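Here is a friendly first walk through a protein model. Please keep the sequence and the 3D view open as you read.

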Amino acid sequence: MRYTRCKPPWVVKFYRSKAWLEKREYVLRRDHYLCQCYQLWGGKPCGQLATVVHHKRELVDYPELALDENNLISMAWQCHEKTKTRGKKEEPRGVRIIKA
């Protein structure tokens, strides 16, 4: 695991567990090792090789969905990187602030 410093210890332990590794392999096979990013963003499939299994609802916020197949999709590494904010502030959409 690359980014273990910023993850809680229980998350690191989870990603090394036999249950996760088996579920990860199952999801990749279920999706035929094809990126499913279009399920998040709409549009057409990108057609890239999937190497990452993504939690639609984040593991830290929803640990009860950690192994739920409906919460997991296969993604290409490049597409998965687009899902991360990594400390970036999200600006509100559709809100305009007017100072008086």
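The text below starts with the overall make-up and then visits a few places in turn.

This is a predicted model, in which local features need pLDDT of at least 70 and side-chain atom pairs count only at pLDDT 80 or more, while totals for chains, interfaces and linings use all residues. Residues are numbered from 1 along each chain as its sequence is written, and side-chain values use heavy atoms, with hydrogens and water left out.

**The whole protein**

The protein has 4 helices and 2 strands. Read from the N terminus, their order is α-α-α-β-β-α. Helices (H or I, at least four residues) and strands (E, at least two) are DSSP runs, numbered from the N terminus. Of the 100 residues, 27% are buried. Here, buried means under 20% relative accessible area, exposed means over 50%, and partly exposed lies in between (1.4 Å probe, protein chains only).

The accessible surface comes to about 7900 Å², and carbon and sulfur atoms account for 52% of that surface. These areas come from the Shrake-Rupley method with a 1.4 Å probe, and for residues only the protein chains shown count as cover. A contact means heavy atoms within 4.5 Å. Among contacts between residues at least 6 apart in sequence, 61% join residues at least 24 apart.

**The loop between α2 and α3**

Take a look at the loop between α2 (18-30) and α3 (38-41), where His 32 lies.

| Residue | Relative accessible area | Class |
|---|---|---|
| Asp 31 | 9% | buried |
| His 32 | 62% | exposed |
| Tyr 33 | 29% | partly exposed |

What is the phi of His 32? His 32 has a positive phi of about 55°, although it is not a glycine. Tyr 33, also not a glycine, has a positive phi of about 55°.

Asp 31 counts as buried because its relative accessible area is 9%. Its side chain makes a polar contact with the side chain of Arg 30, at 3.0 Å. A polar contact is a pair of N or O atoms within 3.5 Å; within protein, one must be able to donate a hydrogen and the other to accept it, and residues adjacent in sequence count only if both atoms are side-chain atoms. Leaving out residues up to four places away in sequence, Asp 31 touches Gln 36, Ile 73 and Ser 74.

**Aromatic rings**

Rings of Phe, Tyr and Trp (its six-membered ring) pair if their centres lie within 6.5 Å; planes under 30 degrees apart count as stacked, over 60 as edge-to-face and the rest as tilted. By this rule there are 3 aromatic pairs. In one of them, the ring centres of Phe 14 and Trp 20 are 5.4 Å apart and the planes stand at 45°, so this pair is tilted. Phe 14 is buried at 14% relative accessibility, and Trp 20 is buried at 4%. Together with Tyr 15, Phe 14 and Trp 20 form one aromatic cluster.

**Between the two strands**

Leu 65 lies in the loop between β1 (52-55) and β2 (72-75). Which residues does Leu 65 contact, leaving aside its neighbours within four places in sequence? They are His 55, Arg 57 and Asn 71. The C-alpha atoms of Leu 65 and His 55 are separated by 8.4 Å, and these residues are 10 residues apart along the chain.
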